[in-house]
Amino acid sequence: MAESGAWIMDLDSQLQAAVGDREMLHVIQAPELFSVPLSPPYCRHVLIWQDHILPLMDLAAWLNGQSERREHKVAGILAFQPRRDQEVRYGALSLAATPIRAQVDDQQACDLPAHPSGWKRLALSCFQQGNRIIPILDLPTLFSDALTKASRVRS
Amino acid sequence: MAHAFAEAELSETTAFAVLNLDGQRWLIPQNEILSLETVLDIETHAASNEGEGFIAPDPIGFITRQEQVWPIYCLTGHFSRPQEVPKSRRIVVLLHRDPVYLGLVCDEIEVLGQDHGPFQPVPACMGQATQVLGALLSYASNLAYMTTTTRLATFLKADMTRGMH
């Protein structure tokens, strides 16, 4: 039975998601944010982390079709590699609380939740932890232009 | 190219001007700035060659220089159209990049110093910002947005077409 580490993140009071343990690099409490003009409602800000300018994604806002939350309590700094031959890139995710580390095994695999429907664009797979169903995020897709395109289709 | 980091624009530009609009900082290539004028020089009606440099409707006025009429536009620091021209807008920056001539009112202008980090791409997930802004820069404990005459002209045309304000 394969087992691996994951970070479980509260996106808001209802939604949770996970990333692999090597994808979460840093957690910032009360991050200093800078607004970017003409950016979409779920990604209005960037933050500066180790000289990198990173987008702060409010995934709960996108999944619920809402505007970005007013207060960003916690930012998770994430690393991902779009393809094996490309260099590592970084992004930030707005969280409602500090993420929690967990061990996950294959037997916890389950189907994606039907709602919000946006999960199927952004989740690689899903697992059950207690009574919660937790999608695993596809970070290259999350930080690409995929959400912009999807939002255009939805509207 | 919508999502490409503005490497070409940055490679041909050695110096940038920092335009201050409502406390937001825009970076414009200095070689696209023809001159600085005062808002007192803005005329309500264009001179006889009206239309030659025209790129988008609803300019706040016109300035004629070098036998060229420059339509003048007013935007907020976040690229929306204000109801009226803020009193803080005292300077007109005349921009030219073939085939575009346009003027922009701003609060203050200065030269970008050498002491700054590298230009960084606008994140691909940031939608329309990737088209209007060519790069981001951490500057003076804040964030500055690089744009160009061509990008501004494209934005102004699209903005007016959509009627976004």
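Strand 3 and strand 7 of chain A run antiparallel to each other and are paired over five bridges, where two strands count as paired if DSSP finds at least two bridges between them. Helices (H or I, at least four residues) and strands (E, at least two) are DSSP runs, numbered from the N terminus. This is a predicted model, in which local features need pLDDT of at least 70 and side-chain atom pairs count only at pLDDT 80 or more, while totals for chains, interfaces and linings use all residues. Residues are numbered from 1 along each chain as its sequence is written, and chains are lettered from A and ligands numbered from 1 in the order in which they are written.

**The sheet of chain A**

- Six strands of chain A form an open sheet with mixed pairing, in the order 3-7-8-6-5-4, and its edge strands, which pair on one side only, are strand 3 (24–29) and strand 4 (34–35).
- Strand 7 (residues 74–80) of chain A is largely enclosed by the rest of the structure, because five of its seven residues are buried; a residue is buried if 20 or more other C-beta atoms, placed from the backbone, lie within 10 Å of its own, exposed if 12 or fewer do, and partly exposed in between.
- Strand 5 and strand 6 of chain A are antiparallel partners over five bridges, with His45(A) opposite Leu56(A) of strand 6.

**Chain A as a whole**

- Chain A has four helices and eleven strands, and its radius of gyration of 15 Å is close to the 15 Å that the globule rule gives for 155 residues, so chain A is as compact as a globular protein of that length.
- The radius of gyration is taken over C-alpha atoms, and the globule rule is 2.2 Å times the number of residues to the power 0.38.
- Of the 155 residues of chain A, 36% count as buried, and the C-alpha atoms fill a box of roughly 45 × 35 × 35 Å along the principal axes.

- Leu11(A) lies in the loop between strand 1 (3–10) and strand 2 (16–20) of chain A, and it counts as buried because it has 22 C-beta neighbours inside 10 Å.
- Beyond four places in sequence, Leu11(A) is in contact with residues including Leu59(A), Ala60(A) and Leu95(A), where contact means that the C-beta atoms, placed from the backbone, lie within 7 Å.

**Where chain A meets chain B**

- The contact between the chains takes 18 residues from chain A and 18 residues from chain B.
- On the side of chain A that touches chain B, strand 5 (45–49), strand 6 (52–57) and helix 4 (146–154) each supply at least two residues, and strand 6 gives the most, with three residues.

Key
Contact = placed C-beta atoms within 7 Å.
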